[in-house]
Amino acid sequence: MNGLALLAAATPVVFAAGLTAGRLLGRRTDRDGTDHGSPVERATFRTLHTASAAAPPLRAGLTEEAARKAVRRLRPLFGTAALGLTAEDRLLAWDGPGRHHADTALERARHVLGSGRTQTFTVRCPDPDCPVRRGAVAPLTVDGRVLGALVVLGAGESASAVRATEEVARWVSVQLELAELDRARRGLIEAEIRALRAQISPHFVYNSLAAIASFVRTDPERARDLLLEFADFTRYSFRRHGEFTTLAEELRSIEQFLELVRARFGQRLQVTLQIAPEVLPVAVPFLCLQPLVENAVKHGLEESVERSRIAITAQDEGATARIVIEDNGVGMEPDRLRRILRGGDGPSAGIGLRNVDERLRQVYGDDHGLVIETGVAAGMKITLRIPKYRTGVHSTPPRTASGDD
């Protein structure tokens, strides 16, 4: 089930819990004493507000911190004495009185973990002032696996309270499944970045080092500078954290790459850069431009004997940054390009183009995929439109001088 389907499935769960919680919570007035809407409407709105506040912690997964924040926000849905969340055989969080009944609740939760079914139970307490007399435990499931349980405890038992426990447990399960999808998405992005790193071929590394070695005797200072550029380029390409970087950092890495290419091809490579200063801080997916420039070099120099010209421009277009990479290389047939972007031209063909296109669509939506203009012997023009601001898209700090990434 994909993320959209999960969200769609979550809506009736929360709404049903809202109707049940409305009966548990009763009527509500605004701060000025004005009573707006029916009790059901007010309960529903209150439930949706509570759910929206509890969702972010749960999207981090079933951890102690997430559980602690979630139970504090979810308990008002029930109007009961206490609420708990368990994972496997341990209690993650408890909100409300009756903490001395945690062992009893945890024992019931273990039964639910084994059966996958909601259970109710009686709490025997010698303290006449203890508000906990009955409890209900519902399983939390992700992809068919029972990961934990939701425990609700109060003074009595009712069919509506048990139903509310089950519905909220289902909603919590949906949030946990979305957290799993988030982790899977991050894992996929990391795998794609590893694939791009693997594309930095041993052939390029060998040629770069050979070019540097050729200057050791004739121009030691030039050899030293190139060696530093090579070290910075590889350090950036193989850094271990961050899905995003700044456009300035990505362009800096491209300049280092092109400097190493110039050491080999000399005047055969001409590069023009026109970069608007205001777009330099824009956050972009890590390694989203470098593969495109490598592609331009490959089709302009390694597959042609003519002089290669590469133009890189970045312009401010209000809410977006427009980036264009254009070369005068051999180009390709549009039909072949479409096959490459679909992955139908072999697993290793055009991996850089396809990888960048897929990541842009994942992060910003299908409207922000690569726009590529090309033809046989007509060069290639690649356009990216990167939103300057997007929720969840933040660049990592710039590289340090010591190279600690």
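Modeller: A charge sits over a ring if NZ of Lys or CZ of Arg is within 6 Å of the ring centre and within 35 degrees of the ring normal. The model is predicted, with local features needing pLDDT of at least 70, side-chain atom pairs pLDDT 80 or more, and totals for chains, interfaces and linings using all residues. Residues are numbered from 1 along each chain as its sequence is written, and side-chain values use heavy atoms, leaving out hydrogens and water.

Biologist: What makes R222 count as lying over the face of F215?

Modeller: R222 is at 5.4 Å from the ring centre of F215 and lies over its face; the distance limit is 6 Å.

Biologist: Why is the pair of F233 and F257 called tilted?

Modeller: Rings of Phe, Tyr and Trp (its six-membered ring) pair if their centres lie within 6.5 Å; planes under 30 degrees apart count as stacked, over 60 as edge-to-face and the rest as tilted. For F233 and F257 the centres are 5.9 Å apart and the planes 35° apart, so the pair is tilted.

Biologist: How do you know whether F233 and E229 are buried or exposed?

Modeller: Buried means under 20% relative accessible area, exposed over 50%, partly exposed in between (1.4 Å probe, protein chains only). F233 has 1% relative accessibility, so F233 is buried. E229 has 18%, so E229 is buried too.

Biologist: What makes the link between the side chains of E229 and R252 a polar contact?

Modeller: The two side chains are 3.5 Å apart; the definition asks for a pair of N or O atoms within 3.5 Å, where within protein one must be able to donate a hydrogen and the other to accept it, and residues adjacent in sequence count only if both atoms are side-chain atoms.
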